[in-house]
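I opened this model to look up its core, its salt bridges and its surface patches. My entries follow in the order I made them.

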Amino acid sequence: MLYRVAEANSYLVIAGAGIEKLRIRKKSWVYPFHRCMTISITPFDFTMSLQAMTKEKLRFSLPAVFTIDPKDNDESLTSYASLLTGHSDGSPQKGVVGAGGNHVQDIVKGIIEGETRSIVSRMTMEELFNDRQMFKTEVIRNVQDELDQFGLKIYNANVKELQDTEDSKYFSYFGKKAHEGASNQAKVDIADARMRGEIGEAEKQGQQKQSVAQTHARTAVAETERKKEKASAEASLKKREIEIARELNLEQIEAQRAAESRDTELQKNVEQKRADMELERLRATTVTQAKISRESAQQKADADLYIQTKSADGEKYNQQAEAEATSYRTAKDADADYYKLTKAAEASLIAKEKEAQANFIFREREAEATYITKKKEAAGIMEMSKAYGALADVLGGPQGLMQYLMLQNKQYEKLANANAKAINGLQPKINVWNTGAQDGAGADPTAPVRNLFQCLPPLLSTIQDQTGMAPPSWLAQMPQQTESQAPDSQVAKRQQLSNGINGHK
């Protein structure tokens, strides 16, 4: 089984088991019970020179080039693959099958010649010259109607110049006539052109002088208008400069007056601040001395009271400090034990979390590595499948590829060694007996029954020799009875075979 992919200009045609007619695909699996071939849809050109006769019985040669290719749809490709692939003798074609095969060109050429002759026979030579496009369209339409049944399409038909045959000089005489007519007409055209040239030259010179005069007049008027506009612009500019100078002087005076007023206000504020500062200085000096005296007396009294209070508080504080120290040490010991147990539990929890994270990361990385490995293996298998597909095309199909791989991997040698090891040491026992018709027994009607019973004794004997299983008791005496009733010649022959062939050791 292979996976085949066609080129951009090709299709795969698959036939075989499970496919009603044909299957057209760009890519598909090809199973061992399928046949696959590739058809190309690249357009091809072929040139032909058709000998035809017009309605007036005039012979001529019609060179043409046709560009033809299979239509790019399933129905047309199926018709093309069914009817035109392979050789003309019916043998299959290997490799890529294109539409440019010799037998395809022969079929298309025959259709084109028949349709072209049919159309030309209904037209005159003048109609062929005058309606060249109509003739081309008619040929393409009629030929395309015939090619549709083969799934082909005409992309372009280039009909070249009509030519004389060996026994016809129509086009040469017609060309000479056209040449002479063209020469005479050319002389008339030259004289007429010379006359129109002289008249046109005079007209152009007069038009040139008129244009020059009009241009000078328009230039003088435009120059006067520009001078007038320039004077008006200069007056407007001068007026605007005077207005700007007056506005600047007024703004300078207003700025100077504002600065002087602001300076007076600042001087007034400075003097007022200076008087307030002097008043505050005098007030602070007198009040500060009184406050110092009062605060000194108060501080002395507070110091005596503070000494007595602190002595009593010191004794009380010592007793409370001892009790609090004992309680504090007990609490701190309990806190230390709690903190130690808490930290140990947290450390154990963190260790377990880290271990779980490490296991998760390890399994995640392992899964990613496995995914990348499988992905690379899949990509490698795809590349190997493409290479094997191309190799199968070169070696003539899957059977050739299988034989090449078995030779490359030495499978035949391995199979031979395995078979040799399988039968090594065997001691086969071969039994041969003959129950055919004897001389003179051809007319005996009981020969079939006798032959059937003659094969039973050696068959039972062989089963017993090979498997060790004895026949039933009611059959044990049948070989002796058969031998006693058989003719002496058959008994002697059977004994000879038993002595000479049966039981090779």
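I started with Asp-192, which is partly exposed because its relative accessibility is 30%. My cut-offs for that word: buried is under 20% relative accessible area, exposed is over 50%, and partly exposed lies in between (1.4 Å probe, protein chains only). The model is predicted, so I kept local features only at pLDDT of at least 70 and side-chain atom pairs only at pLDDT 80 or more, while totals for chains, interfaces and linings use all residues. Residues are numbered from 1 along each chain as its sequence is written, and side-chain values use heavy atoms, with hydrogens and water left out.

**Salt bridges**

I took a salt bridge as a side-chain nitrogen of Lys or Arg within 4 Å of a carboxyl oxygen of Asp or Glu. How many salt bridges does this rule give? I get eleven.

Asp-192 pairs with Arg-196 in one of them, at 1.5 Å from N to O. I placed both residues in helix α5 (residues 170-395), four residues apart, about one turn of the helix. Helices here are DSSP runs of H or I with at least four residues, strands are runs of E with at least two, and both are numbered from the N terminus.

Next I looked up Arg-117. Its salt-bridge partner is Glu-113, with the closest N and O atoms 3.9 Å apart. Both sit in helix α2, again with a spacing of four residues, about one turn of the helix. Arg-117 counts as partly exposed because its relative accessibility is 39%.

I also noted Glu-364 and Arg-365, a salt bridge with 4.0 Å between the closest N and O atoms. Glu-364 is partly exposed at 31% relative accessible area. Arg-365 is partly exposed too, at 47%.

**Core**

I defined a nonpolar core as a set of buried Ala, Val, Leu, Ile, Met, Phe, Trp, Tyr and Cys residues joined through side-chain atoms within 4.5 Å. The largest one holds 38 residues, and Phe-66, Ile-68, Phe-135 and Leu-152 have the most contacts inside it. Elements giving two or more residues to this core include β2 (10-16), β6 (44-53), β7 (59-70), α1 (74-83) and α4 (132-147). Which element gives the most to this core? I find α2, with six residues.

I then checked Gln-51, which is in strand β6. Gln-51 is partly exposed, at 42% relative accessible area. Gln-51 and Glu-113 are 62 residues apart in sequence, yet 8.6 Å apart in space, C-alpha to C-alpha.

**Surface patches**

My patch rule takes residues with over 30% relative accessible area and no salt bridge; like charges are joined within 9 Å, and nonpolar side chains (Val, Leu, Ile, Met, Phe, Trp, Tyr) within 5 Å. Areas come from the Shrake-Rupley method with a 1.4 Å probe, and for residues only the protein chains shown count as cover. Lys and Arg count as positive, Asp and Glu as negative; His and the chain ends are not counted. I put each charge at NZ of Lys, CZ of Arg, CG of Asp or CD of Glu.

Glu-56, Glu-126, Glu-127 and Asp-131 form a negative patch. Glu-126 lies in helix α3 (residues 125-130) and is partly exposed at 38%.

I also found a nonpolar patch of Val-449, Leu-452, Phe-453, Leu-456, Leu-459, Ile-463 and Met-469, with about 630 Å² of accessible area together. Helices α8 (447-454) and α9 (456-467) each give two or more residues to the nonpolar patch. Leu-456 belongs to α9.

**Loops**

Lys-410 is in the loop between α6 (398-408) and α7 (411-423). Its phi is near 60°, a positive value in a residue other than glycine.

Ala-8 is in the loop between β1 (2-5) and β2. I logged Ala-8 as exposed because its relative accessibility is 74%. Ala-8 and Ile-41 are 33 residues apart in sequence and 9.3 Å apart in space, C-alpha to C-alpha.
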